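Trainee: I would like to learn how to read features of a protein model one at a time. Could we go through them together, with the general idea before each case?

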Amino acid sequence: MAILSKEEAQAILKKALAYSKADECEITLSGNAGGNIRYARNEVSTSGAEENVSMSVESRFGKRSGVATINEFDDKSLEKVIRRSEEVARLAPESPEYIELLGPQKYSTTKEHFDTTAAIDPAYRADAAAKSIAAASAKGLTAAGFLEHYANFVAKLNSKGLFAYHPSTTVDFSVTMRTADGTGSGYVTQDFSDVSKLDTGKASQIAAEKAANSKNARALEPGKYTVILEPAASIDLLQNMFGNMDQRSAEEGRSFLSKAGGKTKLGEQLVDERITIYSDPSNAEVPSAPFSGDGRPQQKVTWIDKGVVKNMYNTRFWASSKGSVSTPPPGNMIMEGGNQSLEDLIKGTKRGILVTRLWYIRAVDPQTLLYTGLTRDGTFYIENGKIMYPVKNFRFNESPVIMLNNLDALGKPQRISGSLVPPMRIRDFTFTSLSDAV
């Protein structure tokens, strides 16, 4: 039962909604079916599978609302969860930010479900892990990796006539490799909607190469360096910036997009003019749902265009109270880049540091988006276009806004964590101290 078709989901939702006595009622039904495999020290340690289906009901009486959830779907259980949400709603205080449910919406069709991924079985997982472990063993390394995959669906129906349904699949793979003496480490991560694009053996060779080449790292003085950030190194900083582009936070002075007096940086040049970031649920490489969690349609939105802030997302309440266009938070992030490969960027670097990954990132100042964290799993010194030797890891203090103003070059975008991000060469990236972590 874990993955329901559009018709099956709609039938259950209609049956549940028929029990509602509330002024407004919205029901969300979601499910997933998937599995995983984990290995360490070149041996599989765990493997499992899971299936879940759950229903969430929000009932409303005037401006009061209550939510109840359930994972049983016989008639008695459906009526029970409706009654429970109504009981909670009657006890709740009125919401000062009430806004009525959406009516029927028009959604585009996005292809995020792939039969190849939905068909992954234990034999596939075992073979995927074996290929990764073989890549480690071939170089005398130890591998610790994790692969998980899911087929998912979400469906929504409310008393205003809105109905939405979207199926999807995803597979995530990551592996860290260590040298036998523990002084070298390499890392790679990949994710896809279509598992036919994943080759765990080939991906693991990248991690193995980094681990083998990162032994006996030398110490460099902390300071400002030109860096090449692989997508796995920049994705968290970029997502933190993207996750703070809320209109309300900006207008209430709590954001890096805030200005004095409730003004914002909308329409202003924020970063280098070569930076353009948009979202698009229909992108073939990083497809996402055609609707947001509250049912608003998703469409292509440009957030930063040639360095200028073009849009911020908001809640329906905030958009209504401010007379703004209602814009939901996006389901993906697509950052435009160039045609250069990572190798091309390295060849074009006179002196710099190649960063495989940033780790243990923590916020320092939300209004400047200053973050601190560590490099990890493969940090190398570059001179005259060649990787010369591994260097010890650093602690960094950096803001993605400053980083994108110090842009030197962009490479070809790659999929990472459901988004498209290019490798980047950045000037004056700030390393504040050394780290003994490998």
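Trainee: Where does F380 lie, and is F380 buried or exposed?

Mentor: In this predicted model, F380 lies in strand β13, which covers residues 370–383. To judge burial we look at the relative accessible area, and a residue counts as buried when that value is under 20%. F380 has a relative accessible area of 5%, and therefore F380 is buried.

Trainee: Which residues does F380 touch, once those up to four places away in sequence are not counted?

Mentor: F380 touches K210, N213 and S214, then G352, I353, L354 and T356, and also I387, Y389, P390 and V391.

Trainee: How many residues are in the largest nonpolar core, and which of them have the most contacts inside it?

Mentor: A nonpolar core is a set of buried nonpolar residues joined through their side chains. Here the largest one has 50 residues, and those with the most contacts inside it are V227, M245, I353, M403, L404, M424 and F431. Helix α6, residues 231–242, gives the most to this core, with seven residues. The helix itself is mostly covered, since nine of its 12 residues are buried, among them P231, I235, L238 and F242.

Trainee: What does V227 touch, again leaving out residues up to four places away in sequence?

Mentor: V227 touches I353 and V355, and it also touches M424, R425, I426, F429 and F431.

Trainee: How should I read the packing of two helices, and at what angle do α1 and α2 pack?

Mentor: We look at the angle between the axes, at how far apart they are, and at the residues that meet. Helix α1 (residues 6–17) and helix α2 (residues 75–91) pack at an angle of about 60°, with their axes 9 Å apart. The two helices are therefore oblique to each other, and α1 passes α2 in a right-handed crossing. In this contact I12, K15 and A16 of α1 meet D75, L78 and I82 of α2, and by class there are four nonpolar, no polar and two charged residues.

Trainee: At what angle do the axes of α4 and α5 cross?

Mentor: The axes of helix α4 (residues 122–137) and helix α5 (residues 200–213) come within 8 Å and cross at roughly 30°. Angles under 35 degrees count as roughly parallel, so α4 is roughly parallel to α5. Their crossing is right-handed. The contact is made by A128, K131, S132 and A135 of α4 together with T200, G201, S204, Q205 and A208 of α5, and by class it has three nonpolar, five polar and one charged residues.

Trainee: Where is N384, and what is its phi?

Mentor: N384 is in the loop between β13 and β14 (386–390), and its phi is near 50°, a positive value in a residue other than glycine. With a relative accessible area of 57%, N384 is exposed.

Terms used
Residues are numbered from 1 along each chain as its sequence is written. This is a predicted model: local features need pLDDT of at least 70, side-chain atom pairs count only at pLDDT 80 or more; totals for chains, interfaces and linings use all residues. Side-chain values use heavy atoms; hydrogens and water are left out. Axes are lines fitted to C-alpha atoms, for helices over the stretch in contact, and angles run from 0 to 180 degrees between N-to-C directions. Helices (H or I, at least four residues) and strands (E, at least two) are DSSP runs, numbered from the N terminus. Angles under 35 degrees count as roughly parallel, over 145 as roughly antiparallel, 65 to 115 as roughly perpendicular and the rest as oblique. A crossing is left-handed if the near helix is turned anticlockwise from the far one by less than a right angle, and right-handed if clockwise. Contact means heavy atoms within 4.5 Å. Ala, Val, Leu, Ile, Met, Phe, Trp, Tyr, Cys and Pro count as nonpolar, Asp, Glu, Lys and Arg as charged, and the others, Gly among them, as polar. A nonpolar core is a set of buried Ala, Val, Leu, Ile, Met, Phe, Trp, Tyr and Cys residues joined through side-chain atoms within 4.5 Å. Buried means under 20% relative accessible area, exposed over 50%, partly exposed in between (1.4 Å probe, protein chains only).
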